[in-house]
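Morning, everyone. I will be quick.

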Amino acid sequence: MSEPAGREPEVIHRFKNHLAVMISFADLLMLEMPEDSPHRADLAEIHKAGRAAMALLPELEKLGR
Amino acid sequence: MPKQVAQPVVLVVDDEEPIRHAARRILETGGYKVLDVENGARAVELLTDESIAVDLLMADLEMPELTGEEMARQLRAKRRDLKVLYVSAYVDRLLNERPILWEGEAFLEKPFTFEGLSEAVSLLLFGTLKPPPMTRAS
């Protein structure tokens, strides 16, 4: 992805770091949580939202330019 | 049955503790031994001890003071076989500064995923998306 101009790079860098942490731990929990856990559907929503946020990053970077 | 390999050691260098924690969990789940430090100077200091084996350096490019690239350059001068996975929020920045990646180097864009990090590390170390079975070091 291209680096935006102005102060946005630092903000987007920090946002990407937070997103990496959320996505990584959601991935790990999806892997480790038992299939029949009552929390699995909730976790799947977090996991899906993380991937959706990741897919929005190019649009977010365009807004920062 | 694939041949077993010795458990590789990955050194994770990132100034953000939650990123180091996430990378450590992912890599340990994949069977790797993981060391982590918070900056390039600590990594250089750690690897002055020749008894500490490291197979792959996971280097954040956007660190204050000693950058990931400078740290990797210093470490590879001493340990020529060290593989390096550069991690960056901006692949374009890396490509501008390093249009050519040397053998044994690769990059991964943040935010990384479990699959992305696992596959990048395995590709660098073994040339395959999944690592072979490992014998755990004690």
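**Where the chains meet**

17 residues of chain A are in contact with 18 residues of chain B; contact means C-beta atoms, placed from the backbone, within 7 Å. Which part of chain A gives the largest share of that side? Helix H1, residues 8-32, with 13 residues. By class, the side of chain A touching chain B has ten nonpolar, four polar and three charged residues. Here Ala, Val, Leu, Ile, Met, Phe, Trp, Tyr, Cys and Pro count as nonpolar, Asp, Glu, Lys and Arg as charged, and the others, Gly among them, as polar.

A word on the source. This is a predicted model: local features need pLDDT of at least 70, side-chain atom pairs count only at pLDDT 80 or more, and totals for chains, interfaces and linings use all residues. Residues are numbered from 1 along each chain as its sequence is written, while chains are lettered from A and ligands numbered from 1 in the order in which they are written.

Now chain A itself. Three helices, zero strands. Those are DSSP runs, numbered from the N terminus: helices are H or I, at least four residues, and strands are E, at least two. Of its 65 residues, 15% are buried, that is, with 20 or more other C-beta atoms within 10 Å of their own.

Last, the core. The largest nonpolar core has 37 residues; such a core is a set of buried Ala, Val, Leu, Ile, Met, Phe, Trp, Tyr and Cys residues joined through C-beta atoms within 7 Å. Leu57(B) is among those with the most contacts inside it. Not counting residues up to four places away in sequence, Leu57(B) touches Leu11(B), Val13(B), Ala72(B), Leu75(B), Leu82(B) and Val84(B).

Note on methods
A residue is buried if 20 or more other C-beta atoms lie within 10 Å of its own, exposed if 12 or fewer, and partly exposed in between; C-beta atoms are placed from the backbone. Two residues are in contact if their C-beta atoms, placed from the backbone, lie within 7 Å.
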